Amino acid sequence: MPQSPENTKFHKADKLKNAQIKMTSTILKMGKANLEIFSETLIELGKNDKDILVVTSDSRGSGKLVPFGEQLPGQIVEVGIAEQNLVGVAAGLASTGKKVFAVSPSCFLTARSLEQVKNDVAYSNMPVTLIGISAGVSYGALGTTHHSLHDVAVFRAINNIDIVIPADNFETRHAIVAASQSKKPIFIKFGKKNMPNLPRLEQSFEIGKASVIREGNDVAFIACGETVAPAYEAAQILEEKGISAEVISMHTIKPLDKEAILKSAMKCKAVVTVEEHSIYGGLGEACSSLFMEERIYKPFKIVGIPDEETVSGLQTEIFDHYGISGKGLSETALNLL
Amino acid sequence: METTISSHFRIFFKFFSMNNLTIKELEQKSVKYRMALLKYIKMANAGHTGGSLSCTDILNVLYNDVMNVSPENFNDPNRDRYIQSKGHSVEALYVVLADQGFFPETELETMCRYKSPYVGHPTRKVNGIEFNTGALGHGLSISAGIALAAKKDKAPYRVFTLLGDGELAEGSNWEAAMLAAHYKLDNLVAILDHNTLQITGRNAEVCNPEPINEKWKAFGWNVVHVDGHNIAELSKVLDEAPTVPGKPTFVIARTTKGKGVSFMEDVKKWHHGVPTNEQYEIAINELGAEQIRLKN
Ligand SMILES: Cc1ncc(C[n+]2csc(CCOP(=O)(O)OP(=O)(O)O)c2C)c(N)n1
Ligand SMILES: [Mg+2]
């Protein structure tokens, strides 16, 4: 087995968890919500580094940061319900050498504060980590105001900001640690639902380097965030039908791991991208432009939220509605093959 | 000048209005609304309970006593407008609109369910709702825009918007505040649901908005204070507003978050919270007792 990452504090725990996954083979062990892992990781990091600051906009409850505030009261800055202020203040704090995590629901953080992100963080190159909580359609039943299906598209078009969408607890933990060590702007988003612990070929995590969850050579699912688990489920359904599916967790959308995408696409007959995002401007379009430039012409489908008023309901109902499920994705793959 | 025309129009409308309710009848409606909104929050297993109970009396008075708006005139360009800036308290708005006849109340049984139009924030898919809100800090700008259009059209209608006190931290409110005074929007009434709480805790501890009164005065607004649970006072203040020609009016309605249910009152965790079966029963019993008290 290849080496785990250097962040030894978390190394041991992960090793244990992965051992459990192996034992249960295809039935994945349910982990915690990525949101919870984020909060736990940040408390660990904050305790060891006084320069780590969390900035919230009446969002510490939604961000599971109440314990952070209780344990490290000097390291949390509350700005009130003011997301533009949140990002501007975070940029100012970061300019003095603080390691700043600005935490707010992704829908507000990436729309309301967009100019602050573009100018104060990305253009000014302030090492702020923007944490978009309850991303995608996590707030499904609250309506479109609370959905965040545009964030990858807008941030992709802004120079100098990494975009990371962890799929499970392992990736979340390592993304947060990596962000705390990064010298450049990063956007990390996740939901609030418990996520299964996914298997992966290599127990390592690096921003900009995709994780192979499962190897296959008929169809490749290139997915990110909370859609990797349904893609994995689809791969298992396909296996029963004698179809070999590869599953890649493309946790970093920017910089894009072109090599991993091309490798998968070359060996498979068809490619399906999956994301909890508009089908415009996200992972799917990033892959399709890469395929065109590299002259890879294969059956291809972008699965995400189409350009319509998103159906109302819980996140799982919305996923099912748009075919982001084991069943839906396996059918999509079969249609391409 | 315009204020005079519109207030004449209002008196005229009120005089001929068939369903003028007494204060007591309005008080009874508030209890009914509180019971209904708890019922649908319980059914949906989701909702912004505290803030909805906090603004119930304000919405009651606006729709039953103050505004010239109904299912019959909803397409009339001269109807009064209500924009709920603190969109999360949509449950209160839904039950009041249902009671006005905008849609059958039973439709609220689908609230927050798959494919239901009754999502957790105001949406124009629902009859009676003027604007899609839910992201805080939008309602005042939208309302100022409508009020400005009324001025241009010399139209008699008024525009009401409801803000949360935590919401005041959004800078857009202050941009709109400046604009509304600049354009002398004396057809605009912003009501503050001043319950002193937001999600994290007291406004004063999160990011102190005080002195609210002086801030709005300094921005050129006419500021009025009212007990946000006193139906008679609300009726008088909201009916008369805007009272100063040439100035928008800011009504600071002192309220209690979770009003009407003892264990929810002024408790921050009820910002969004669904009562357990037991809690629900206690809440309904308390409101039921209030209903009986008001009948006698
Ligand atoms: C732009 C934006 N940021 C954050 C939120 C999340 N949010 C919903 S309600 C709320 C607290 C509102 O407090 P307040 O304005 O005092 O309302 P009330 O106490 O009347 O419920 C927050 C932060 C939101 N809906 N919109
Ligand atoms: Mg409040």
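Author: We'll go through the metal, the ligand, the rings and then some backbone details. One thing to keep in mind is that this is a predicted model.

Reader: OK, metal. Which protein atoms are the donors of the magnesium ion (ligand 2)?

Author: Asp165(B) gives an OD atom, Asn195(B) gives OD1 and Leu197(B) gives its O. They lie 2.1 Å from the ion.

Reader: What spacing do the donors follow along the chain?

Author: The spacing is D-x29-N-x1-L.

Reader: Is Asn195(B) buried or exposed?

Author: Asn195(B) is buried, because its relative accessibility is 4% and buried means under 20%. Leu197(B) is buried too, at 5%.

Reader: Next, ligand 1. How many residues surround it?

Author: There are 24 around ligand 1. The closest are Glu83(A), Lys86(B), His88(B), Asp165(B) and Lys257(B).

Reader: Which backbone atoms does ligand 1 lie close to?

Author: A polar backbone atom of Gly134(B) is 2.8 Å from a nitrogen of ligand 1. A polar backbone atom of Gly166(B) is 2.8 Å from an oxygen of ligand 1. Leu197(B) has a backbone N or O atom 2.9 Å from an oxygen of ligand 1.

Reader: How much of ligand 1 does the protein cover?

Author: The protein covers 97%. That is out of 590 Å² of accessible area that ligand 1 has on its own.

Reader: New topic: rings. How many aromatic pairs are there over all chains?

Author: The count is 13. One of them is Trp174(B) with Phe219(B), a tilted pair. Their centres are 5.2 Å apart, with 55° between the planes.

Reader: Where do Trp174(B) and Phe219(B) lie?

Author: Trp174(B) is in helix α6 (residues 171-182) of chain B. Phe219(B) is in the loop between α8 (212-218) and β4 (222-227) of chain B. The pair therefore ties together parts that are 45 residues apart in sequence.

Reader: What kind of pair do Trp216(B) and Trp221(B) form?

Author: They form an edge-to-face pair, because their planes are at 80° and over 60 degrees counts as edge-to-face. The centres are 4.9 Å apart. Both residues are buried.

Reader: Which residues do ring pairs link into a cluster?

Author: The cluster holds Trp174(B), Trp216(B), Phe219(B), Trp221(B) and Phe250(B).

Reader: What lies over the face of Tyr157(B)?

Author: Arg81(B) does, at 4.2 Å from the ring centre. Likewise, Arg79(B) lies over the face of Phe74(B), at 4.9 Å from the ring centre.

Reader: What phi does Asn45(B) have?

Author: Asn45(B) has a positive phi of about 60°, though it is not a glycine. Asn45(B) is in the loop between α2 (23-44) and α3 (49-66) of chain B. Asn45(B) is exposed, at 57% relative accessible area.

Reader: And Lys154(B)? What phi does that one have?

Author: Lys154(B) has a positive phi of about 50° and is not a glycine either. Its place is the loop between α5 (139-153) and β2 (159-164) of chain B. Lys154(B) is exposed, with a relative accessible area of 65%.

Reader: Last one, back to chain A. How far apart are Gly136(A) and Ser106(A) in space?

Author: They are 7.7 Å apart, C-alpha to C-alpha, and 30 residues apart in sequence. Gly136(A) is buried, at 1% relative accessible area.

Technical notes
Residues are numbered from 1 along each chain as its sequence is written. Chains are lettered from A and ligands numbered from 1 in the order in which they are written. This is a predicted model: local features need pLDDT of at least 70, side-chain atom pairs count only at pLDDT 80 or more; totals for chains, interfaces and linings use all residues. Side-chain values use heavy atoms; hydrogens and water are left out. Donors are N, O and S atoms within 2.8 Å of the metal (3.2 Å for Na, K and Ca); water is not among the atoms, so sites may look incomplete. Buried means under 20% relative accessible area, exposed over 50%, partly exposed in between (1.4 Å probe, protein chains only). Rings of Phe, Tyr and Trp (its six-membered ring) pair if their centres lie within 6.5 Å; planes under 30 degrees apart count as stacked, over 60 as edge-to-face and the rest as tilted. Helices (H or I, at least four residues) and strands (E, at least two) are DSSP runs, numbered from the N terminus. A charge sits over a ring if NZ of Lys or CZ of Arg is within 6 Å of the ring centre and within 35 degrees of the ring normal. A residue is near a molecule or strand if one of its heavy atoms lies within 4 Å of it. A polar contact is a pair of N or O atoms within 3.5 Å; within protein, one must be able to donate a hydrogen and the other to accept it, and residues adjacent in sequence count only if both atoms are side-chain atoms. Accessible areas come from the Shrake-Rupley method with a 1.4 Å probe; for residues, only the protein chains shown count as cover.
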